[in-house]
Amino acid sequence: MTQDLALRILGAGQSALLTGPAGSGKTHVLREFIRRSRAAGKSVAVTATTGLAATHLDGGTIHSWSGIGIHDELPSRFHESLSESRQKTIRSADVLVIDEISMLHDYRLDLVEQVARAVRADDRPFGGLQVVLCGDFFQLPPVNRTGGRPGGFVVGSRAWQTLDPVVCYLNEQHRQDDQEFLGILNALRAGTLDHDHVELLRARHDAVLADQRVTELYTTNVDVDRLNAQRLAAIQNASEHRYAMQTSGKASYVESLKRACLAHQELVLKVGALVMCIRNSQTGKYVNGSLGTVTGFDKETGYPIVALRSGKTLLIEPETWELRDGETKRASLTQIPLRLAWAITVHKSQGMTLDAARIDLGKAFVEGMGYVALSRVRSLETLSLVGLNRMALTVSAEAQVIDEQLRVASAAAAERFADLPEPEAPRPKTVEKTTWSDRLEVMREQYPNAYRPWNEGDDAQLKRLFQAGATLKELTSKFGRHPGSIRSRLKKHFGEEVIIPR
């Protein structure tokens with residue numbers, strides 16, 4: 001399916017799975033859909049299965065947005081224990097986006113669906129939300145931890161069956177331009193790697209690249225941290241330039257954003273340091289994964305000047321990352337969008353396009369890890385392999401079965417929606433100029449006592465009925481007041497954490 005058709009399907013309000021091989025443009029389509037939806041006035045909850053993936057889209061984790069946290073199962077009436085602000089966030093959303101869906105357990109998608117339906121008081125799948133799942137099942141799978149509840153891919157969940165998303169399998173390629181290399185990657189996905197494919201990879205063992213200053217990919221953090229520290233210290237006769245991260249927001253949200261983001265708390269650079277851009281430039285000057293070398297520092301601002309492999313030399317200015325909860329900004333951090341790039345982990349390379357890389361897959365320990373790493377680079381000529389074990393050439397057999405089913409479903413969807421027109425451009429919102437008296441009169445048609453003062457008798461009766469088990473709906477009807485007014489009054493009497501049955 002083309003990107004254009006996928007965008008038309010999403011723009012028509014269809015719940016969908018956006019999938020396809022690495023480099024097929026999934027993130028581009030997702031960003032454009034989010035932009036168009038917000039321009040149309042929709043509230044879009046942007047989430048991902050990991051904090052790192054969420055920061056690429058200025059969103060939060062699906063675990064946090066839904067309130068399920070690390071729960072494997074939910075107790076009865078769990079949604080009533082959620083804070084009012086969490087429930088409001090879920091109720092106010094029109095669209096729910098979940099990126100890197102391959103890493104979400106099937107039972108956790110069920111939990112998210114269960115919470116959404118209960119909080120929104122709507123028995124449709126996900127409480128009537130348009131749900132857009134995005135990811136590639138050949139990449140990193142759900143992690144089953146010892147002692148935890150085991151789970152598989154989301155296609156095995158009840159929520160998937162009831163949602164029945166339209167499958168948009170992107171088949172255009174925007175990263176690899178080497179047909180021989182593409183053949184290896186496609187064979188790896190299909191489980192049809194043959195002797196010739198393996199020999200082509202082995203021929204890249206310790207291959208000398210045109211430019212030896214490239215990023216090395218490792219499977220563990222300890223190898224990455226060690227190499228970056230060694231290489232920076234080895235640059236002699238160059239002064240250090242330090243850049244401290246600036247943050248705003250509640251401390252707990254700030255810490256979550258820091259853990260999820262690739263930006264350093266304190267970035268230390270020297271002339272000659274190999275660096276990597278860690279997000280897409282807002283003006284298109286560089287992309288997430290662009291490599292370069294620090295050549296100097298601006299005299300006025302002190303910001304680094306970087307010669308990119310693309311041939312551009314740019315002044316790299318600070319960028320801001322945000323942690324959003326639905327449409328609400330919870331925290332932000334500002335830092336130079338660079339990190340030392342002599343080494344990075346395979347996990348943190350997801351979503352990146354690397355001009356060239358030296359990759360050590362001798363310690364690959366999970367299916368799909370080799371595919372993620374290899375598919376970061378553009379061609380065999382830009383790849384040098386330090387190590388390669390059997391696991392690195394393995395992908396999930398289940399993912400292969402799923403992939404074939406998704407291709408068939410996507411082909412059927414492409415035929416079904418082939419004549420779908422482009423969505424209409426959003427019209428500017430018109431604001432009716434009415435007086436407060438006019439609005440109050442309309443409000444009192446539904447809530448006769450709206451904005452009337454509470455008296456002692458009403459307060460006493462409210463507390464008595466609530467303690468006797470009256471629901472929010474019953475209290476709203478009894479007192480002729482808006483549900484928000486009832487909630488505020490009960491919080492005044494019983495505290496902010498009071499649980500109010502709907």
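This is a predicted model: local features need pLDDT of at least 70, side-chain atom pairs count only at pLDDT 80 or more; totals for chains, interfaces and linings use all residues.
Trainee: Which order do the strands take in the open sheet of 6 strands?

Mentor: Terms come before the case. Strands (E, at least two residues) and helices (H or I, at least four) are DSSP runs, numbered from the N terminus. Two strands pair if DSSP finds at least two bridges between them. Here the order is S3-S2-S4-S5-S1-S6, with parallel pairing. Strand S3 (60–61) and strand S6 (166–169) each have a single partner strand, so one side of each has no neighbour in the sheet. Inside, S1 (16–19) and S5 (130–134) pair over 3 bridges. Alanine 16 stands opposite valine 132 in S5.

Trainee: Which helix packs on this sheet, touching S1 and S6?

Mentor: Contact means heavy atoms within 4.5 Å. Axes are lines fitted to C-alpha atoms, for helices over the stretch in contact, and angles run from 0 to 180 degrees between N-to-C directions. Helix H13 (397–416) is the one, at about 100 degrees to S6.

Trainee: How is the open sheet of 3 strands paired, parallel or antiparallel?

Mentor: Antiparallel, in the order S9-S16-S15. S9 (246–249) and S15 are the edge strands. S9 and S16 (328–335) share 4 bridges, and serine 248 has serine 332 of S16 as its bridge partner. Helix H11 (251–260) lies across S9, S15 and S16, at about 55 degrees to S16.

Trainee: How many salt bridges does the count give?

Mentor: Side chains of opposite charge can pair when their charged atoms come close. The rule asks for a side-chain nitrogen of Lys or Arg within 4 Å of a carboxyl oxygen of Asp or Glu. The count comes to 22. One of them joins arginine 35 and glutamate 32 (2.6 Å, N to O). These two are 3 residues apart in helix H2, which means about one helical turn separates them.

Trainee: Which element gives the largest share of the lining of the second largest pocket?

Mentor: A pocket is an open set of points on a 1 Å grid over the protein atoms alone, where a 1.4 Å probe fits, with protein on both sides within 12 Å along at least five of seven lines; lining residues have an atom within 4 Å of a point. H2 gives the largest share, 8 residues. The lining has 48 residues, with Thr27, His28 and Arg31 among those nearest the centre.

Key. Residues are numbered from 1 along each chain as its sequence is written. Side-chain values use heavy atoms; hydrogens and water are left out.
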